[in-house]
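This report describes a predicted model. It takes up a sheet, a helix and the nonpolar cores in turn.

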Amino acid sequence: MKHFLLTDAPDPAGCYRITGNDYHYLARVRRLKIGAEFHAVTPDGTAVRLRVREIDDSCITTESIFIDQKPEELPRILLFQALPKSAAMDMIVRQAAEAGVVEIFPFISGFSVPKESEGKVERWSRIIKAARQQSGSPVPTKIHDPASFSGMLNRWNDIQTRYNSSVGLLLDPESAEKDPFHHYLTPVPDCVVLAVGPEGGFSPAESKQFRDAGFHPARLGNTILRADTASVAAVAVVRLILLESPTLSY
């Protein structure tokens, strides 16, 4: 179901005041009128249904007419994405947001195109917002500034201290390991981090650094996938395994 992403909490009277670009989208693009109703999600992920109460030249005021329970959360899925070409990265960001990835960490590997990352975080954030509104994902996907390879490994260390249990999976089509994704996700961890390379993948030295840091090599079959295909396929596999895990109450 499509929904609108609210960026602010309600006022003391329980109303939401929508201004700026969001006002333009609702008033000029969707052309909502007084009395119109639409689905929205609050900053904490709660689903609400809103009714337009007032419209002026720069603000729409809405009131809540239905508040749903905040949805139960799967274990966090995080994506470490080595920067591919710009168009591929845009697609990866959009698909990751639609699939409920919590955080995206772009980084520069040996085969990345680092110049493609300049000034892109704001653009990627807009892509995420549009993808969430279109798909109905309640997960507030966040994208970080691109990091160096060593900076990415430092972020992995931070993640391991942030969660009680975390698993790092390295997509490596050259890996000889045969263990399926299920093997690494049983028992269910609090957090799953997927590391995916750019066009050309990771170098042998980079793969070794990942393994030394505690990542487990994993494969998606016997074919070599494009960077944008590999990311969304890996996220989908992990998400399906987590959703179907008998240890979760879904």
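Which residue in β5 is the bridge partner of Cys 15?

## The sheet

The bridge partner of Cys 15 is Glu 63, in β5.

## Helix α1

Within helix α1, which spans residues 20-29, the buried residues include Asp 22, Tyr 23, Leu 26 and Ala 27. Because they cover an arc of only 110° around the axis, these residues lie on the same side of α1. Asn 21 and Val 29, on the other side of α1, are exposed.

The buried residues of α1 pack against β1, β2, β3 (37-41), β4 (47-55) and β5, and also against α3 (121-135). After α1 comes Arg 31, which has a positive phi, near 55°.

## The nonpolar cores

The largest nonpolar core has 35 residues, and Ile 104, Leu 194 and Val 238 are those with the most contacts inside it. Among the elements that each supply at least two residues of this core are β6 (76-82), α2 (86-98), α3 and β10 (191-196), while α7 gives the most, with six residues.

Leaving aside residues up to four places away in sequence, Ile 104 touches Leu 79, Met 89, Val 93, Ala 96, Ile 128, Thr 141, Lys 142, Ile 143 and His 144. A second, separate core has 19 residues, including Val 102, Phe 105, Cys 191 and Ala 195.

Definitions and conventions: Residues numbered from 1 in each chain as written. Predicted model: local features only at pLDDT ≥ 70, side-chain atom pairs only at ≥ 80, totals over all residues. Heavy atoms only, no water. Pairing = 2+ DSSP bridges. Helix = DSSP H or I, 4+ residues; strand = E, 2+ residues; numbered from the N terminus. Buried < 20%, exposed > 50% of the residue type's maximum accessible area, 1.4 Å probe, protein only. Arc of directions from axis to C-beta. Contact = heavy atoms within 4.5 Å. Core = buried A, V, L, I, M, F, W, Y, C linked by side-chain atoms within 4.5 Å.
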